[in-house]
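Reader: I would like to learn how to read helix packing, helix bending and aromatic contacts from a set of coordinates. Could we take these topics in turn?

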Amino acid sequence: ASISMPAAAADFESQLSGIQAVLAPTREEMEALRQTALNLGSTTAFSASEAAAGIEMLARNGLSAAEILGGAAEASLALAAATGTDLSTAADVATDVMAIFGITAGQMSEAINGITGVTVTSKFTIDDFRLALAQAGGVASAMGVEFDDFNTAIAGISPLFASGSDAGTSFKTLLQRLVPASGAAERAMRDLGIITEDGSNRFFDAQGNLRGMDEIAGILQESLSGLSEEQRNAALATIFGTDAMRAAVGLARLGTEGFRELQAQIGQVDAQQQATTRLQNFN
């Protein structure tokens, strides 16, 4: 082992100079970043050099030294270890989630548990999650969908899709069609009682805010119950289009109760624990 030590040290130093070049941190920040990389190197499945490489990726993705030190570095490494992905994918997913859903570095460990939860409770991998996020994250966030609801919806509809990209595209279109896109869609929504006598849309509250995805799943389940397969498919195709109707079917199958149960299941997943389990299995 002693033979490779100088090489490992040199590798670590070159990774640190990479961080320095990208971030241009103050001396205090640089010292803290160095310490963080060393700590993560001794407490995670990654070496100090790998931890430093992860920090550099976060910096390249636009995170500040304060954000990296404030929980983003630790969370990214935990995500990589828990989902069996590489550091660059984990860094990309972490920074995308922060940017799209306005999650702070301090909230990242909770967010990482949620992302890991999707990979544990559904057939989707971290790569699927990343693609679903790329397709639907922006629209979901803009419409006020909570990050937990986004995760649960993607995990919940996953059985109906071949990939995270398909699921994300379908979910995005579903969200956009919650407001009827045509006269025919509006008529179909009235027939199902989603648009009520007074013209209000049950997917939104009195203030015009989108309801929680658990409530939306319940409204879909309830309004489609009692219809024949043919009637249900015709109504869904008219309201959501052929692409998004699969996401609607997935949510309707869950209903409010199923959605909440899945959300609770995802909420119990601990990324650190998952990382330990993976490491033990690997060893």
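Predicted model: local features only at pLDDT ≥ 70, side-chain atom pairs only at ≥ 80, totals over all residues.

Reader: Which term describes α4 relative to α5?

Author: Angles over 145 degrees count as roughly antiparallel and those from 65 to 115 as roughly perpendicular; a crossing at roughly 130° therefore makes α4 oblique to α5.

Reader: How far apart are the end C-alpha atoms of helix α12, and what would a straight helix reach?

Author: Helix α12 spans residues 229–267, which is 39 residues, and a straight helix would reach 57 Å at 1.5 Å a residue, yet the end C-alpha atoms of α12 are only 33 Å apart.

Reader: Where is the kink in α12 centred?

Author: The kink in α12 is centred on F240 and amounts to about 110°.

Reader: How is a pair of aromatic rings described?

Author: The description uses the distance of the centres and the angle of the planes. In this model the count comes to four aromatic pairs. One of them is formed by F129 and F150, with 6.3 Å centre to centre and 80° between the planes, an edge-to-face arrangement. This pair links distant parts of the chain, since F129 is in helix α7 (residues 126–142) and F150 is in helix α8 (residues 147–157), 21 residues apart.

Reader: Is F150 buried or exposed, and with which other ring does F150 form a tilted pair?

Author: F150 is buried, with a relative accessible area of 0%. F150 also forms a tilted pair with F171, at 6.1 Å centre to centre and 55° between the planes. Because F150 lies in helix α8 and F171 in helix α9 (residues 164–176), the pair ties together parts that are 21 residues apart in sequence. F129 is buried, with a relative accessible area of 0%, and for F171, also buried, the value is 0%.

Reader: Which residues do the ring pairs link into a cluster?

Author: The cluster linked by ring pairs consists of F101, F129, F147, F150 and F171.

Methods:
Residues numbered from 1 in each chain as written. Heavy atoms only, no water. Helix = DSSP H or I, 4+ residues; strand = E, 2+ residues; numbered from the N terminus. Expected span 1.5 Å × (residues − 1). Bend = angle between axes of the 7 residues up to and from the residue. Phe/Tyr/Trp six-rings, centres within 6.5 Å; stacked < 30°, edge-to-face > 60°. Buried < 20%, exposed > 50% of the residue type's maximum accessible area, 1.4 Å probe, protein only. Axes fitted to C-alpha atoms, helices over the stretch in contact; angles between N-to-C directions. Parallel < 35°, antiparallel > 145°, perpendicular 65-115°, else oblique.
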